[in-house]
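Let's take a friendly walk through this protein, from its overall build to its inner spaces and a few local details. Please have a look at the sequence and the model first.

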Amino acid sequence: MDMTTSHGEQVIASNCRGCHGGCGVLVHVKDGRITNIEGNPDFPTNHGTMCSKGLAFTQLLYHPDRLKYP
């Protein structure tokens, strides 16, 4: 599933790999940047719920102290 909202934001169905669960997520992307990650209500194992680790992935990805190079 890949759809565009009225605000020019894409919503892409994907899987969270923050832990062993592999929950279904909807990733909101605007101008090449993730703006939000939410649980996919149509996914059979998590039914739209997410753990705190998965909900924090946007913060982890864009944190200014994140190591990007070895």
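## Overall build

Of the 70 residues of the protein, 26% count as buried; here buried means under 20% relative accessible area, exposed means over 50%, and partly exposed is in between, with a 1.4 Å probe and protein chains only. This is a predicted model, in which local features need pLDDT of at least 70 and side-chain atom pairs count only at pLDDT 80 or more, while totals for chains, interfaces and linings use all residues. Residues are numbered from 1 along each chain as its sequence is written, and side-chain values use heavy atoms, with hydrogens and water left out.

The protein has 2 helices and 4 strands, and along the sequence they follow the pattern β-β-β-β-α-α. Helices (H or I, at least four residues) and strands (E, at least two) are DSSP runs, numbered from the N terminus. The C-alpha trace spans about 35 × 30 × 15 Å along its principal axes. Among contacts between residues at least 6 apart in sequence, 15% join residues at least 24 apart, where contact means heavy atoms within 4.5 Å.

## The largest pocket

Which residues lie nearest the centre of the largest pocket? They are Cys16, Val27, Ile34, Ile37 and Phe57, out of 13 lining residues. The largest pocket has a volume of about 150 Å³. Strand 2 (10-15), strand 3 (24-30), strand 4 (33-39) and helix 2 (57-62) are the elements that give two or more residues to its lining. Helix 2 gives the most, with 3 residues.

By class, the pocket lining divides into 9 nonpolar, 3 polar and 1 charged. Ala, Val, Leu, Ile, Met, Phe, Trp, Tyr, Cys and Pro count as nonpolar, Asp, Glu, Lys and Arg as charged, and the others, Gly among them, as polar. On a 1 Å grid over the protein atoms alone, a pocket is an open set of points with protein on both sides within 12 Å along at least five of seven lines, a cavity is a set where a 1.4 Å probe fits but cannot get out, and lining residues have an atom within 4 Å of a point. Grid points are joined across faces, edges and corners, and a volume is the space filled by probe spheres set on the points.

## The enclosed space

The structure also holds 1 cavity of 30 Å³ or more. About 40 Å³ of space lies in the largest cavity. Its lining is made of Cys16, Cys19, Gly22, Cys23, Met50, Cys51 and Gly54, which by class gives 5 nonpolar, 2 polar and no charged residues.

## Loops and a charge over a ring

Most residues other than glycine have a negative phi. Asp31, in the loop between strand 3 and strand 4, has a positive phi near 55°, and at 77% relative accessibility Asp31 is exposed. His47 sits in the loop between strand 4 and helix 1 (52-55); phi of His47 is positive too, near 50°, and His47 is exposed at 55% relative accessible area.

Pro44 is found in the loop between strand 4 and helix 1 and is exposed, at 58% relative accessibility. Pro44 and Gly24 are 20 residues apart in sequence and 8.2 Å apart in space, C-alpha to C-alpha.

Finally, Arg33 lies over the face of Tyr62, at 3.8 Å from the ring centre. A charge sits over a ring if NZ of Lys or CZ of Arg is within 6 Å of the ring centre and within 35 degrees of the ring normal.
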